[in-house]
Amino acid sequence: MKTKQIISYIQRKDWEDILRIQTTLLKSMQQFMIRKGFVELMPVITSKFTDPLGPDPGSSVIKTPSIEYYDQKLVLTQSMILHKQLAILAYPKIFIFSPNVRLERRERRKTGKHLFEFTQMDFEIAYAKMKNVFKLVEDLVVYTIKQVKKERKEELRRLGRKLKVPSKPFKKYTTHELEEKYGKEWEIKASKDHKEPFWAICHKREFYDKEDPERPGHYLNYDLIWPEGFGEALSGGEREYQYQRIVQRIKRDGLPIERYKEYLEIAKLGILKPSAGAGIGVERFLRFLTGKKHVGDIQLFRRVPGEEVIL
């Protein structure tokens with residue numbers, strides 16, 4: 001992209017409205033979590049381990065970025081899930097605005113919802129269950145949309161965006177029900193078919209999401225899906241916390257045990273707590289609030305798979 005094009009993009013007329021809505025979004029999410037008794041952590045950017053993002057059929061990450069620092073090899077955070085499990089040993093209710101780097105395939109440029117550098121509002125709750133997360137997130141979404149409608153009326157009007165405050169509780173479907181109705185690629189089809197957010201539960205994915213002990217092959221995890229074709233908003237689950245179960249799942253998934261050595265040494269002590277949590281995509285939330293066609297359109301410094309990094 002040429003310099004004139006870069007300047008034109010940064011001076012786009014709608015940036016003031018988008019950034020004001022973003023500020024209200026961030027403030028509202030932070031205020032809500034603190035009022036609910038959470039403490040805020042600073043994010044982890046580098047580590048000896050990070051979320052493997054697999055085996056998840058929805059992932060298209062091509063590699064985990066790493067750096068050399070003296071004699072240490074460190075990876076960049078793809079998600080703070082494993083650190084969240086450890087953080088609740090210090091405090092039972094935590095949240096973080098966590099930057100994530102996920103080097104997605106260039107084909108993801110076309111989805112409208114993928115970035116290779118983005119922020120999640122990550123949270124974890126000791127001894128929580130799915131139902132606790134559902135209530136918390138539904139209250140958060142309703143509160144935040146109300147605040148944006150209240151504080152950013154003119155900005156929404158100029159953007160041509162009419163927001164509806166969703167009704168609680170949100171509808172819930174299993175992925176099996178969604179696949180039966182919409183096919184394997186159900187997410188966007190189902191999203192377009194709804195006018196309010198809904199939950200999709202029971203996804204076969206990473207080792208840390210808990211398998212239902214009463215129904216092997218079913219999982220106590222969930223995604224929140226935005227309506228109107230905006231797609232996935234949040235991903236989370238109850239967590240595996242017992243050492244033998246974690247090792248069993250890692251081996252089943254064909255992941256290298258040595259990659260998680262430090263994490264597993266702590267798990268082996270038997271001090272990990274049962275917990276549940278999630279990460280809600282901040283940029284995706286902002287895209288939904290503003291009604292933009294592509295999530296890259298709400299990033300002042302775009303980080304879209306397949307696009308040249310301009311600055």
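**Figure 1. Cys-202 in the loop between β10 and β11.** Cys-202 lies in the loop that joins β10 to β11; helices (H or I, at least four residues) and strands (E, at least two) are DSSP runs, numbered from the N terminus. The model is predicted: local features need pLDDT of at least 70, side-chain atom pairs count only at pLDDT 80 or more, and totals for chains, interfaces and linings use all residues. Residues are numbered from 1 along each chain as its sequence is written, and side-chain values use heavy atoms, with hydrogens and water left out. The relative accessibility of Cys-202 is 6%, and the residue counts as buried; buried means under 20% relative accessible area, exposed over 50%, and partly exposed in between (1.4 Å probe, protein chains only). Leaving aside neighbours within four places in sequence, Cys-202 is in contact with Thr-175, His-176, His-218, Tyr-219 and Asn-221, where contact means heavy atoms within 4.5 Å. Thr-175 is 27 residues from Cys-202 along the chain, and their C-alpha atoms are separated by 6.0 Å.

**Figure 2. The pairing of β10 with β11.** Strand β10 comprises residues 198–201 and strand β11 residues 221–226; the two pair in the antiparallel sense over four bridges. Two strands pair if DSSP finds at least two bridges between them. Ile-201 has Tyr-222 in β11 as its bridge partner.

**Figure 3. Arg-252 in helix α8.** Helix α8 covers residues 243–252 and includes Arg-252. Arg-252 is partly exposed, with a relative accessible area of 39%. Apart from neighbours within four places in sequence, the contacts of Arg-252 are Lys-204, Arg-205, Glu-211 and Tyr-219. Between Arg-252 and Phe-207, 45 residues apart in sequence, the C-alpha to C-alpha distance is 8.6 Å.

**Figure 4. The open sheet of eight strands.** The strand order is β1-β6-β8-β13-β12-β11-β10-β9, and the pairing is mixed. At the edges are β1 (39–40) and β9 (171–174), each of which pairs on one side only. Strand β6 (residues 93–101) pairs with β1 in the parallel sense over two bridges. Within this pairing, Glu-40 has Phe-95 in β6 as its bridge partner. β6 also pairs with strand β8 (residues 117–126), in the antiparallel sense and over nine bridges. Here Ser-98 stands opposite Gln-120 in β8.

**Figure 5. The open sheet of three strands.** The order of this sheet is β2-β5-β4, with antiparallel pairing. The edge strands β2 and β4 each pair on one side only. Strand β2 (residues 46–47) is joined to strand β5 (residues 72–76) by two bridges in the antiparallel sense. The bridge partner of Thr-46 is Leu-76 in β5.

Figure 6. Strand β4 (residues 66–69) pairs with β5 in the antiparallel sense over four bridges. Ile-67 has Leu-74 in β5 as its bridge partner, and Glu-68 stands opposite Lys-73 in β5. The hairpin has two residues between the strands, and Tyr-70 takes a positive phi near 50 degrees.

**Figure 7. Helix α10 and the residue that follows.** Helix α10 (residues 282–290) is mostly covered, with nine of its nine residues buried. Among them are the charged residues Glu-283, Arg-284 and Arg-287. The buried residues also include Val-282, Phe-285, Leu-286, Phe-288 and Leu-289. Gly-291 follows α10 and has a positive phi, near 75 degrees.

**Figure 8. The protein chain as the setting of the close-up views.** The chain contains 10 helices and 13 strands. Its radius of gyration is 19 Å, close to the 19 Å that the globule rule gives for 311 residues, so the chain is as compact as a globular protein of that length; the radius is taken over C-alpha atoms, and the rule is 2.2 Å times the number of residues to the power 0.38. The C-alpha trace spans about 55 × 50 × 40 Å along its principal axes. Of the 311 residues, 53% are buried. Among contacts between residues at least 6 apart in sequence, 73% join residues at least 24 apart.
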